[in-house]
Amino acid sequence: MDYRNQTLMVEFVFHGLTNHVHHQVVLFLLFLLVYLATLLGNLGMVTLIWVDSQLHTPMYIFLSHLSFVDISSFSVTGPKMMTDIFVEKKVISFFGCAVQFFFCQFVVTECFLLASMAYGWYMAICKPLSYTLIMSQRVCVQLVVGSYAVGLISTMNHTTFAFCLPYCGSNTINHFFCDLLLVLSLVADTQVNKNLLSILAGALGVLSGVIILVSYVYIIIAILKIGSADGRHKVFSTCSSHLTVVSILYGILFFIYVCPSSIFSLDINKAVSLFYKAVSPMLSPLIYSLRNKDVKDSFRRIFEKKKFLISR
């Protein structure tokens, strides 16, 4: 294809979510509340973990980084999405779209952090005597750095390949953020990029998913060997929060990137993406705090300590 006589694209235009005034007000207030809840919840979780020395364990270190990834991902798309609600022409610069895309692709880091947590639960439940030896601080740091490294490599590859293409046609994206597949659809010849996306994202998704699946197979086998029903329930409840978050994330990713686009309309895809971008980061700290005894005990200790210092 000859691009020499065409004007290169410098900005993209979003379709957005709705043009109805009353719906816009409701959506803005709703997104604002969700964004504030996401910030407070995840920042609170990170602060709690780093303030309370009893939470300085591999599981909670992984959790603090999950909260950081959630804050970073939603903060890149959330404010822009809210400001665009009342704007007639929802424009984002070429560089801004690349930045959105870069941080949104850190879902790979999230997947591998969840895989690291699954491996940690496997060691804690199936090999408790070796847990402190194998899941040392050094191994924990290596798993966290490795998760960020894999996410960074994946993101750099996709961002470099996607935004070095000549965007010379339509600049309208029927979404509320820079989704990779929709951005690539603006270029006529993107087969190489789509193949790269399918191979790299598929391999990383399958690898992290297999680690989680195999870990939980061994965990379930170990739980079934416990004699009492109370014992089985107590052990399973320790990792139920993690399993809930994994189910939500992989369910959404499967719906968006694996299910054929011909089955579901783009509006349904938007709704699922909105749940992933806005609601899922808000739910994670709630799930881990409401269903986790250690977190609730930590809240209680800090609250009682502050109460004691105030009463002095």
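Analyst: Asp84 is buried, with a relative accessible area of 7%; buried means under 20% relative accessible area, exposed over 50%, and partly exposed in between, with a 1.4 Å probe and protein chains only. Please keep in mind that this is a predicted model, where local features need pLDDT of at least 70 and side-chain atom pairs count only at pLDDT 80 or more, while totals for chains, interfaces and linings use all residues. Residues are numbered from 1 along each chain as its sequence is written, and side-chain values use heavy atoms, leaving out hydrogens and water.

The side chain of Asp84 meets that of Lys80 in a salt bridge, at 3.2 Å from N to O. A salt bridge here is a side-chain nitrogen of Lys or Arg within 4 Å of a carboxyl oxygen of Asp or Glu. Side chains of opposite charge can pair when their charged atoms come close. Asp84 and Lys80 are separated by about one helical turn, because they sit four residues apart in helix H2. Helices (H or I, at least four residues) and strands (E, at least two) are DSSP runs, numbered from the N terminus. A search of the whole structure finds one salt bridge.

Now for another lysine. Lys277 has its place in helix H10 and is buried, at a relative accessible area of 4%. Leaving aside neighbours within four places in sequence, Lys277 is in contact (heavy atoms within 4.5 Å) with Ser73, Phe74, Thr77, Cys104, Phe176 and Phe177. Of these, Phe177 is 100 residues away from Lys277 in sequence, yet the C-alpha to C-alpha distance is 9.8 Å.

What links Cys97 and Cys178? They form a disulfide with sulfur atoms 1.9 Å apart, the term being used for a pair of cysteine sulfur atoms within 2.5 Å. Cys97 lies in helix H3 (residues 94–104) and Cys178 in the loop between strand S3 (172–173) and helix H7 (180–184), so the pair ties together parts that are 81 residues apart in sequence. With -130° about the S-S bond, the link of Cys97 and Cys178 is left-handed. Both ends are hidden: Cys97 is buried at 0% relative accessibility, and Cys178 is buried at 1%. By contrast, Cys239 is in no disulfide, and the nearest cysteine sulfur, that of Cys126, is 9.5 Å away. Cys239 is buried too, with a relative accessible area of 0%.

Cys239 and Cys126 also turn up among the residues that Ile219 touches, along with Ala118, Trp121, Tyr122 and Ile125, not counting residues up to four places away in sequence. Ile219 is one of the residues that touch the most other members of the largest nonpolar core, which has 47 residues; the others are Phe62, Leu114 and Tyr288. Such a core is a set of buried Ala, Val, Leu, Ile, Met, Phe, Trp, Tyr and Cys residues joined through side-chain atoms within 4.5 Å. Elements giving two or more residues to this core include helix H2 (58–84), helix H8 (191–224) and helix H10 (266–290). Helix H4 gives the most, with 13 residues. Apart from this core lies another, of 18 residues, among them Ile92, Ala98, Leu184 and Val187.

To finish, Val217 lies in helix H8 and counts as partly exposed, at 41% relative accessibility.
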